[in-house]
Amino acid sequence: MVFLVILGIIVVVALYVIGVYNGLVTGQVQTKEAWSTVDTQLKRRYDLIPNLVETVRGYAKHESKTLENVINARNMAMSINGSSVQKEQHENMLTGALKSIFALAESYPDLKANQNFLHLQQELSDTENKIQAARQYYNTAVMALNRKVRIFPNNVIAGMFGIEQEHFFELEESEKEAVKVAPKIQF
């Protein structure tokens, strides 16, 4: 009888460990799938940038430094195969470089009126919105995984199998500061 009780306890504990492990692995898979969604949208943005640069180049020939910065930021972001932290840093640099191109367009009325430029600007804007949604989905998946990894006794099981917390996709420090400042509205 004691043997059956001990066997029952072992089976229950084993089933619990299997259940927790499967939940952790599911969280990892969801996080990777979410990051893949971010990568897909980033690839779309990478594909749009050369067309945008060529369109701007035709109107703003003496702004080659700005265009070079955009191309360099794009190439650096595309070359990162490492962690999401490294990718995030380069993506933030690329976003800043793209902002400079759109600011540049304000100085060139002909460029602002160019249909190709307007179309590319709209495509990039749509892509940025999709990237933000994908980042939010990724961060939600990371939050769920990190919660599972940190809760006791899941943390013990996660440690046994080498399952670690993931890094959130966060705003760059300058963007965090910009969010804190209320916009100035003038009439």
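**View 1. His167 sits in the loop between H6 and helix H7 (173-180).** Helices here are DSSP runs of H or I with at least four residues, strands are E runs of at least two, and both are numbered from the N terminus. The model is predicted, so local features need pLDDT of at least 70 and side-chain atom pairs count only at pLDDT 80 or more, while totals for chains, interfaces and linings use all residues. Residues are numbered from 1 along each chain as its sequence is written, and side-chain values use heavy atoms, with hydrogens and water left out. His167 has 30% relative accessibility, so it counts as partly exposed (buried is under 20% relative accessible area, exposed over 50%, partly exposed in between, with a 1.4 Å probe and protein chains only). Tyr138 is 29 residues away from His167 in sequence, but 9.9 Å away in space, C-alpha to C-alpha.

**View 2. H1 crosses helix H6 (residues 154-161).** Two packed helices are described by the angle between their axes and the distance between the axes. For H1 and H6, the axes come within 10 Å and cross at roughly 75°; the lines are fitted to C-alpha atoms over the stretch in contact, and angles run from 0 to 180 degrees between N-to-C directions. That's why the pair counts as roughly perpendicular (65 to 115 degrees). On the H1 side, Tyr16, Val17, Val20, Tyr21 and Leu24 meet Asn154, Ile157, Ala158 and Phe161 of H6, where contact means heavy atoms within 4.5 Å.

**View 3. A nonpolar surface patch includes Leu7.** Leu7 belongs to helix H1 (residues 2-59) and, at 38% relative accessibility, counts as partly exposed. Patch members need over 30% relative accessible area and no salt bridge, and nonpolar side chains are joined within 5 Å. A salt bridge would be a Lys or Arg side-chain nitrogen within 4 Å of an Asp or Glu carboxyl oxygen.

**View 4. Val70 is found in helix H2 (residues 64-79).** Val70 has 0% relative accessibility, so it counts as buried. Leaving aside residues up to four places away in sequence, Val70 touches Ile49, Val53, Leu94, Ala97, Leu98, Ser100 and Ile101. Thr95 is 25 residues from Val70 in sequence and 8.9 Å from it in space, C-alpha to C-alpha.

Technical notes:
Patches are made of residues with over 30% relative accessible area and no salt bridge: like charges are joined within 9 Å, nonpolar side chains (Val, Leu, Ile, Met, Phe, Trp, Tyr) within 5 Å. Accessible areas come from the Shrake-Rupley method with a 1.4 Å probe; for residues, only the protein chains shown count as cover. Angles under 35 degrees count as roughly parallel, over 145 as roughly antiparallel, 65 to 115 as roughly perpendicular and the rest as oblique.
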